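Let's take a friendly walk through this model, starting with a pair of charged side chains. Keep the structure open beside you as you read.

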Amino acid sequence: MTATDTAPDPVAATERRWQDLLNRIRDLEARVAATTSTVNAALDHHLARLDALRHHLAHPNWPLSAPDLGSPQTTPANNPPA
């Protein structure tokens, strides 16, 4: 047996390195897809909430009611009703 017979095959080593890189790229693509899905779902949720708030502000219940001056919500805390 000669020294060249026991040397690793350079083609096989290169193929293993490429396969390892391809596997890492696939893993990265899967993580990016999962993260993108999560981010899109969160954005959809927040945009729907903003749209509901916009609609609520653009179309309030009419006629607007006058505040009840004796209500605890409209009376300042340090000025009790007389």
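## Arg54 and Asp51

Arg54 and Asp51 sit 3 residues apart in helix H2, about one turn of the helix. In this predicted model, their side chains meet in a salt bridge, with 2.9 Å from N to O. That falls inside the cut-off, since a salt bridge needs a side-chain nitrogen of Lys or Arg within 4 Å of a carboxyl oxygen of Asp or Glu.

## Asp20 and Arg24

How many salt bridges does the structure hold? The count is 2. Besides the pair above, there is one between the side chains of Asp20 and Arg24, at 3.4 Å from N to O. Side chains of opposite charge can pair when their charged atoms come close.

Asp20 and Arg24 are 4 residues apart in helix H2, which covers residues 10-58, so about one helical turn separates them. Asp20 is partly exposed, at 34% relative accessible area. Arg24, at 55% relative accessibility, counts as exposed, because the exposed class begins over 50%.

## A nonpolar patch

Which residues make the nonpolar surface patch? Val39, Leu43, Leu47, Leu50 and Leu53 form it, and the patch comes to about 450 Å².

Take Leu53 as one of its members. Leu53 lies in helix H2, and its relative accessible area of 36% makes it partly exposed. Leu53 can therefore count toward a patch, where residues need over 30% relative accessible area and no salt bridge.

## The chain as a whole

Stepping back, the secondary structure of the protein chain consists of 2 helices and 0 strands. The chain has 82 residues, and 4% of them count as buried.

What about the surface of the whole chain? The protein chain exposes about 7,800 Å², and carbon and sulfur atoms supply 62% of that area.

Methods: Residues are numbered from 1 along each chain as its sequence is written. This is a predicted model: local features need pLDDT of at least 70, side-chain atom pairs count only at pLDDT 80 or more; totals for chains, interfaces and linings use all residues. Side-chain values use heavy atoms; hydrogens and water are left out. Buried means under 20% relative accessible area, exposed over 50%, partly exposed in between (1.4 Å probe, protein chains only). Patches are made of residues with over 30% relative accessible area and no salt bridge: like charges are joined within 9 Å, nonpolar side chains (Val, Leu, Ile, Met, Phe, Trp, Tyr) within 5 Å. Accessible areas come from the Shrake-Rupley method with a 1.4 Å probe; for residues, only the protein chains shown count as cover.
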